[in-house]
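Please look at how the chains meet before reading on.

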Amino acid sequence: MIRALRAITAKDLRQRLRDKSFFLLGIATPLALAFVLNLVFGDLSEGELEVRMGVVDSDGTAVSAQLAGNLADLHGTGAIEVRTLDPATDPDAALGEHSLDAVVVIPQGFGDAVMSAQAPELALVENPDRPVQASVADSILDGMVTELERTRLLSAAGGQLGVQPGSDQQASDLAFAQEWPGGQGLDVSSRLMAGMAIMFVFFTVSFGVTTLLEEKQNGTLARLLAAPIPRNAILGAKALVSYVLGVLATMILFGAATVLMGAEWGSWLGVLALVLAACLTAVALMAIVAGLAKRAEGAGAVQSIIAVGLALLGGSWFPVSGEGVLGMLARATPHFWFLDGLEDLVGASSWTVVWPSLVALVAIAVVAGVPATALLRRKLAP
Amino acid sequence: MKIVSIAWHNIIRMFRERANLFFVLIFPILIIAVLGSQFGDASETPEIGITSGTDVAARAADRLESTRAARVQWFDSAAELRDQVSDGSPAVGVLVPDDADARLDAGEVPELTILLSDDEEAGQLDAVARRSFAAEAMEPGVVRQLTELSGQPAGQVRDVVSHVASGLPLIEVTREVAGGGEPEDEPIGFSQIAVGILLLMTFLNALTGAAALIQSRRLGVSRRMISTPTSVRTIVIGEGFGRWGVGMFQALYIMIATALLFGVEWGDLATAIVVLALFAAVAAGAAMLIGAIMENDEQAAGVTVLAGLALGALGGTMLPLELYNSTMNNVAHITPHAWAIDAFTQMGRHGGTLVDVLPEVGVLAAMAVLLIGLASWRLRVTLTRV
């Protein structure tokens with residue numbers, strides 16, 4: 001049994017590594033996709049959204065100059081650009097002319113209204129093509145307005161009390177601390193890489209499983225069955241080859257992400273445990289399809305549907321919330337638990353935080369693996 | 001006639017494969033539904049969890065809800081809130097210490113703890129929460145500062161401040177959109193997702209036709225076609241039309257299905273079809289070119305899937321182009337996807353017609369002519385050689 005298992009495994013491994021598909025689909029493709037996705041999504045998560053604002057001060061009072069000045073001071077913080085425009089500028093035209101996202105208009109009489117008990121008004125003219133940037137501009141302005149209201153209250157009440165607070169009195173009334181109770185999780189590029197890795201491992205694994213169908217079509221399976229080899233050894237070898245290649249490809253991808261993108265995963269022991277468990281589910285699920293399919297081509301097609309479908313549901317492409325009907329579906333995918341485990345692992349002190357994920361993954365593997373074995377054993381007929 | 005027949009058989013061939021049925025008919029609708037429910041739900045206001053029991057928290061919650069910045073979920077204990085935030089729902093929590101009111105009154109600065117989950121919205125909600133609490137702590141803060149400065153008793157200062165505050169109307173910010181219209185806070189709507197997925201899938205499915213073209217050559221179908229009284233030119237055009245037909249079918253299917261299921265509006269229909277026809281032509285040209293230069297259909301299948309996904313991601317089908325930084329935005333416009341999205345944005349947001357999207361249409365047409373020209377030239381060579 002052991003000798004036969006070893007011989008078939010070695011033969012299949014050699015065959016698969018000689019064929020370029022393992023490197024192409026197992027390693028090169030997910031790496032390339034993660035790279036492109038990272039180019040596109042990477043910036044956004046680091047708060048590098050470019051926001052270009054304009055300020056039109058038609059008021060020309062000390063108050064409006066202060067507000068305009070505060071806004072102008074923001075220029076260069078993060079990816080914010082602020083352009084001070086001529087008081088007579090038409091904001092609508094300025095949006096197009098200077099390709100701005102939003103223009104703050106301080107109308108005439110603003111300063112007087114602030115100093116007296118009238119209702120001061122400001123306008124924010126937004127670029128209809130850039131709603132996201134415009135709403136960032138809106139919240140920036142919102143913060144400034146609160147500050148201005150505070151200064152106004154301070155000086156008005158101060159006047160009644162006979163004190164003149166300086167204009168530099170920017171005290172904060174509350175202190176804020178930040179805490180991440182669930183850990184900060186993976187950064188975007190690591191998450192994308194992990195998502196692609198778990199998605200493509202299903203493809204890598206599926207090739208190994210479907211070789212059983214190919215051997216049947218080619219007639220080599222009949223010869224194996226005729227030889228004094230236990231049937232379990234044939235099945236075992238096919239599963240083992242798929243599993244080894246799956247684990248290998250995934251670990252190479254994680255290593256590559258660490259070296260090339262500086263990704264951080266936390267404990268490697270935890271990563272390995274998750275990869276080992278996730279590949280188990282991949283082998284089991286892909287084996288069910290191979291067990292049901294009649295021909296290798298048919299199996300390949302259904303396998304790619306399942307691989308892409310599960311990846312989508314499970315959050316390989318976009319994080320899913322885990323709530324509602326979609327959340328329930330997501331929890332049925334190995335992808336969800338694999339990524340969830342990685343998210344927990346990154347900030348954790350010990351690799352044991354991945355236990356819940358491991359349990360879920362092994363459960364999925366068992367639920368899928370038992371029928372898969374039964375189905376595939378039926379295939380082992382000449 | 002022969003052209004139509006070649007094209008028709010290419011389309012039939014695609015649908016014979018059951019997996020293709022899934023990828024063309026079900027998968028795009030599924031992905032639009034998933035993404036749409038995830039991002040596109042405009043009615044969904046984000047939630048912020050707050051520990052209850054203080055005045056300042058109640059006032060800040062009122063402010064959050066009245067500005068519709070967030071809905072507030074109350075929690076009795078800090079431990080419970082921590083637990084829920086660590087599960088990601090709510091995405092952000094604010095721990096307000098029980099003595100916050102007393103400390104504010106006493107002229108001290110209480111410390112609030114913002115709990116953040118790894119949710120994408122967390123950073124933004126953090127800022128929203130801080131602003132509303134800061135606004136509500138303003139009055140006690142001013143009292144504290146003026147008490148220090150004036151040396152008068154705190155109670156007296158508080159009376160003056162609250163009297164003055166009640167007489168000062170708030171500064172109002174009016175938001176207007178240039179050219180009219182309502183400002184929208186939920187920019188990624190169903191229609192934007194539908195446009196992106198439509199372009200992604202149309203290009204992808206037309207492009208993967210490259211593998212079928214290689215198969216035709218390898219199986220000798222092309223050779224046999226040439227042996228009939230059919231000119232190479234007709235075959236090339238027929239093959240091209242086949243890919244184009246697949247692309248157009250996919251595009252129109254998604255258009256109709258999303259209009260019926262999700263009520264997506266596609267703008268001026270005639271213009272939309274012109275843009276899609278040109279976009280599908282670019283995809284068909286790319287498919288023919290790959291089909292003409294590559295020899296191995298399995299490798300071509302891999303390359304086309306990768307290229308289709310990568311170009312789609314780069315071209316703004318997965319993330320709105322307006323969120324790209326300027327460099328990436330320029331890079332994105334090497335893809336036909338970005339130009340088509342620009343055209344649809346013009347049509348959707350500004351009710352643009354063919355005249356308004358002429359630049360985009362021109363670029364797409366130029367890309368199509370270039371690719372189809374190159375592909376026909378290469379295909380003539382390879383078809384007659386095999």
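The model is predicted.

**Contact between the chains**

Chain A has 83 residues in contact with 80 residues of chain B. On the side of chain A that touches chain B, at least two residues each come from α2 (21–45), α4 (91–97), β4 (121–126), α6 (131–161), β5 (175–179) and α11 (296–314). The most is given by α6(A), with 22 residues. By residue class, that side of chain A divides into 48 nonpolar, 18 polar and 17 charged residues.

**Strand pairs across the chains**

Two strand pairs join chain A to chain B, as listed here.

| Strand of chain A | Strand of chain B | Sense | Bridges | Facing residues |
|---|---|---|---|---|
| β5(A) | β4(B), residues 111–116 | parallel | 5 bridges | A:Glu179 and B:Leu115 |

**The sheet containing β5(A)**

β5(A) belongs to an open sheet of 5 strands with mixed pairing, in the order β5(A)-β4(B)-β3(B)-β1(B)-β2(B). The edges are β5 of chain A and β2 (71–75) of chain B; each has a single partner strand, so one side of each is left without a neighbour in the sheet. On average, neighbouring strands of this sheet are turned by 25 degrees against each other, direction ignored.

Helix α6 of chain B (residues 122–136) packs on the sheet. This helix touches β5 of chain A as well as β1 (47–51), β3 (92–95) and β4 of chain B. The direction of α6(B) makes about 35 degrees with that of β3(B).

Note on methods:
Residues numbered from 1 in each chain as written. Chains lettered and ligands numbered in written order. Predicted model: local features only at pLDDT ≥ 70, side-chain atom pairs only at ≥ 80, totals over all residues. Contact = placed C-beta atoms within 7 Å. Helix = DSSP H or I, 4+ residues; strand = E, 2+ residues; numbered from the N terminus. Nonpolar A, V, L, I, M, F, W, Y, C, P; charged D, E, K, R; others polar. Pairing = 2+ DSSP bridges. Axes fitted to C-alpha atoms, helices over the stretch in contact; angles between N-to-C directions.
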